[in-house]
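Here are my notes for when you have the model open. Take the points in order and keep the viewer handy.

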Amino acid sequence: RAGGEEGKGGEKKKREKQPQPERVPGSVKLFAGQCGREATEADLTAVFSKFGKILEVKLIEDKTTKKSKGCAFVQFANKMDADKAIATLAGVHKMAGMVNALALSYAKGEQEKLVAKLFMSSIAKTATKEVLEALVAKFGTIEEVHMIKDKTTKAFNGSAFVRFTNKKQAGAAIDALNGKVTMEGAPKPLVVKWADADKKALIKSPMGQQMMGGSPMRGGGNSPMRGSPMRGRGSPMGM
């Protein structure tokens with residue numbers, strides 16, 4: 001019997017060590033609170049699928065009773081659709097039988113994964129978007145390249161934002177390019193850093209105002225350069 005129990009315990013440990021399935025690049029997981037204990041995964045899918053492709057809805061269950069705790073994880077195929085869902089539903093939409101509205105936020109750890117945006121300067125002013133994409137694409141999947149233009153002349157000013165699928169890819173680009181590569185026609189090596197680095201200095205500078213759409217950021221240097229919507233009651237959770 002003891003051997004049998006050890007066997008069961010061993011099987012349990014093996015199950016616990018099984019790796020999580022690989023995430024779809026660019027996907028975003030939300031934590032949804034105030035769903036109601038009676039809400040099913042189908043109910044939640046019907047609500048959230050109006051905003052974009054849903055990859056997974058998983059109810060969070062009590063470990064002992066296996067019954068829903070009234071909250072869930074909702075995984076969207078991309079951040080834009082996830083943000084639309086938060087902006088529209090959080091603190092507003094009420095699930096059947098619920099007094100409180102849905103509480104939505106990024107699941108624990110998602111914010112860190114989303115911080116994959118770089119600021120690059122000392123780029124050759126003759127470089128095109130295609131040239132810059134070719135330079136950074138070797139480090140991972142590129143989701144966005146934004147060439148910053150002079151507000152007066154509208155000409156490319158030698159700086160850009162580049163967003164990768166994840167932070168690991170962005171970090172590899174920094175390690176390989178920052179201060180080590182000089183583009184043809186550029187006066188000095190590339191400067192490649194996280195987009196929120198030296199935030200206070202950037203916000204006060206003309207370049208910082210360009211980043212923020214032409215006007216200084218309100219609220220001081222502690223405000224995020226790109227807001228992360230987290231609305232409604234409840235707190236983000238991770239798996």
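1. Let's start with Lys-129, which sits in helix α5 (residues 129–136). Helices here are DSSP runs of H or I with at least four residues, strands are runs of E with at least two, and both are numbered from the N terminus. Lys-129 is partly exposed, at a relative accessible area of 38%. For that scale, buried is under 20% relative accessible area, exposed is over 50%, and partly exposed is in between, using a 1.4 Å probe and protein chains only.

2. What does Lys-129 touch, leaving aside its neighbours within four places in sequence? It is in contact with Val-145 and Met-147, where contact means heavy atoms within 4.5 Å. Lys-129 and Met-147 are 18 residues apart in sequence, yet their C-alpha atoms are 6.8 Å apart in space.

3. Before going on, remember that this is a predicted model: local features need pLDDT of at least 70, side-chain atom pairs count only at pLDDT 80 or more, and totals for chains, interfaces and linings use all residues. Residues are numbered from 1 along each chain as its sequence is written, and side-chain values use heavy atoms, with hydrogens and water left out.

4. How confident is the predictor? pLDDT is its confidence in each residue, from 0 to 100. The chain averages 80, and 72% of the residues score at least 70. Watch residues 198–230, where pLDDT stays under 50 and the model has 54 contacts beyond four places in sequence. Over residues 233–239 the pLDDT is below 50 too, with 21 contacts beyond near neighbours in sequence.

5. Now the overall picture. The chain has 8 helices and 8 strands, and buried residues make up 38% of its 239 residues. Take the contacts between residues at least 6 apart in sequence: 65% of them join residues at least 24 apart.

6. How many salt bridges turn up in a search of the whole structure? The search finds 4, a salt bridge being a side-chain nitrogen of Lys or Arg within 4 Å of a carboxyl oxygen of Asp or Glu. One of them joins the side chains of Asp-81 and Lys-84, at 3.4 Å from N to O. These two are 3 residues apart in helix α3 (residues 79–89), so about one helical turn separates them. Asp-81 is buried at 11%, while Lys-84 is partly exposed at 39%.

7. Have a look at Arg-163 next. Its side chain meets that of Glu-143 in a salt bridge of 2.6 Å, N to O. That pair links distant parts of the chain, with Glu-143 in strand β6 (residues 142–149) and Arg-163 in strand β7 (residues 156–164), 20 residues apart. Arg-163 also forms a salt bridge with Glu-144, the closest N and O atoms being 3.2 Å apart. Because Arg-163 lies in β7 and Glu-144 in β6, this pair ties together parts 19 residues apart in sequence. Together, Glu-143, Glu-144 and Arg-163 are linked in a network of salt bridges. Glu-143 is partly exposed at 36%, and so is Glu-144 at 25%.

8. Last stop: helix α2 (residues 41–48), whose buried residues are Leu-44, Val-47 and Phe-48. They are on the same side of α2 because they cover an arc of only 85° around the axis, taken from the directions from the helix axis to the C-beta atoms. Among the elements covering them are β1 (28–33), β2 (54–61) and α3.

Notes: pLDDT = per-residue confidence, 0-100.
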